[in-house]
Amino acid sequence: MKHSTKVGIIGAGPAGLTLALLLQRKGIDCTILENRSRQYVESRVRAGLLEQNTVDLIRELGASERLDKEGLEHHGVYLSFNGVRQRVPFKELTGGRCITIYGQQEVVKDLIQANLDRGIEIVFEAHAKHIEGIETDNPSIFYQHNGEEHELTCDFVAGCDGYHGIGRQHLPKETYNEFRIEYPFSWLGILANVAPSSDELIYAYHERGFALHSLRSETVSRLYIQVDNDDTVDNWSDEKIWEELSIRLGTEGWNLQSGPIFEKSITPMRSFMIDNMQHGRLFLAGDAAHIVPPTGGKGLNLAVADIRFLASALTNWYENQDDSLLQSYSQDCLRRIWRAQDFSNFMTYLFHKQAPHGSFENLLQKSKFDYIGISKAQATTIAENYVGLKEI
């Protein structure tokens, strides 16, 4: 079965869904092919930290009704080193900008509904098999749906299908370089039915390892601890997790509240990117082109930043027959990607245990932490990167 559209989008995550809404607003037809079911993508737990730029765009697209009601604005972050805690105030250091806590699965639900309400076609359980003709004016995406083989012809293909998707697999290997870091530790993450014990996020270095206090709502807490790469959730009882979190996050006069844990998982820490995100009529965005460790909260936000550039470039092509923004797409995206990679790497190395307590490397970590408290410039650097740079 053969179908046609102007822009074929592979992947119904934040990147693909946002691109479709931006294109539809300009009258550019598109179709989204999603490998998984709607139920699966709407329940898939991922990040929950939205930069100011991301929130502004969701509002601009008219998809922020639930976000505005349920999202929790944070105007600072707590940083702790062996029980000594300091606060970085976003509002006063960034001209009033902030972050919003709102689960990625909730963002996806809202964006899917907005797409469907506006008549954008999303084909769920569409297994994209391969892409042909990306060096021609009419590439095709071949996919399987309901046991039938389909061909979607289009002007452009947007690979928004994640690290394991077919998008990057169709970039010629000689057109890009890969960069990667596999960190020597992982995160054990939990979701728990307990009100957050802090009004803002807490990043904590401890001689026993890193810990993070986050949240998903006023009644659900999201917390993490550093574990070895070969560790398993079977080694961690609920009691052991809460005890370790209490130790690592602890500071004088503050107590961690515990509650029923309803999800546990271990996430490896890695940085990955390629230095070219396009070839012919194929363009990549989001995790298909780059992965950052979750320490900086940049994954979803970087994907949306890519889409801003891609949507502008495609709009310029359709409205003005001008391909200059398409030609510069990778370089435009890479400036922000490298900045996010650096910030995520900085936060990862600052707060994770990598060397014995009292060693040269450990004391350098403490020196960097102490400098945040005495230098407004350093605190501003962290605040600006955390809430998302306005222009880059």
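**Note on the predicted model: loops, a helix, cavities and a pocket**

1. Asparagine 82 sits in the loop that joins β6 and β7. Strands here are DSSP runs of E, at least two residues long, and helices are runs of H or I, at least four residues long, numbered from the N terminus. The phi of asparagine 82 is near 50°, a positive value in a residue other than glycine. Asparagine 82 is partly exposed, with a relative accessible area of 28%. Buried means under 20% relative accessible area, exposed over 50%, and partly exposed in between, with a 1.4 Å probe and protein chains only.

2. Some ground rules. The model is predicted, so local features need pLDDT of at least 70 and side-chain atom pairs count only at pLDDT 80 or more, while totals for chains, interfaces and linings use all residues. Residues are numbered from 1 along each chain as its sequence is written, and side-chain values use heavy atoms, with hydrogens and water left out.

3. Glutamine 321 also deserves a look. Its phi is positive, about 55°, although it is not a glycine. Most residues other than glycine have a negative phi. Glutamine 321 lies in the loop between α9 and α10 (324-327). At 62% relative accessibility, glutamine 321 counts as exposed.

4. Helix α12 covers residues 360-374, 15 residues in total. From first C-alpha to last it reaches 21 Å, close to the 21 Å expected at 1.5 Å a residue. The expected span is 1.5 Å times one less than the number of residues. Its buried residues are Asn362, Gln365, Phe369 and Ile372. They cover an arc of only 70° around the axis, which puts them on the same side of α12. The arc is taken from the directions from the helix axis to the C-beta atoms. An α-helix has 3.6 residues a turn, so residues three or four places apart point the same way.

5. What do the buried residues of α12 pack against? Their partners are β6 (76-81), β7 (84-89), β15 (202-205), α11 (329-351) and α13 (376-387). Contact means heavy atoms within 4.5 Å. The face of α12 turned away from its buried side carries the exposed residues Phe360 and Ile374.

6. Threonine 381 belongs to helix α13. It is partly exposed, at 37% relative accessible area.

7. Leucine 191 is in strand β14 (residues 178-192). It is buried, with a relative accessible area of 5%. Leaving aside neighbours within four places in sequence, its contacts include Val45, Arg216, Pro260 and Phe262. Leucine 191 and histidine 150 are 41 residues apart in sequence and 40 Å apart in space, C-alpha to C-alpha.

8. The whole structure holds two cavities of 30 Å³ or more. On a 1 Å grid over the protein atoms alone, a cavity is a set of points where a 1.4 Å probe fits but cannot get out; a pocket is an open set with protein on both sides within 12 Å along at least five of seven lines; lining residues have an atom within 4 Å of a point. Grid points are joined across faces, edges and corners, and a volume is the space filled by probe spheres set on the points.

9. The largest cavity has a volume of about 100 Å³. Its lining includes Glu51, Lys298, Arg336 and Arg339. α11 gives the most to this lining, with three residues. By class, the lining residues are three nonpolar, three polar and four charged. Ala, Val, Leu, Ile, Met, Phe, Trp, Tyr, Cys and Pro count as nonpolar, Asp, Glu, Lys and Arg as charged, and the others, Gly among them, as polar.

10. The second largest cavity holds about 50 Å³. Among its lining residues are Pro14, Leu57, Val107 and Leu300. Here α3 gives the most, with three residues. The lining divides into eight nonpolar, two polar and no charged residues.

11. The second largest pocket contains about 260 Å³ of space. It is lined by 13 residues, and Asn53, Arg308, Arg336, Lys390 and Glu391 lie nearest its centre. α9 (299-320) and α3 (52-60) each supply at least two lining residues. The largest share, five residues, comes from α9. The lining has four nonpolar, three polar and six charged residues.
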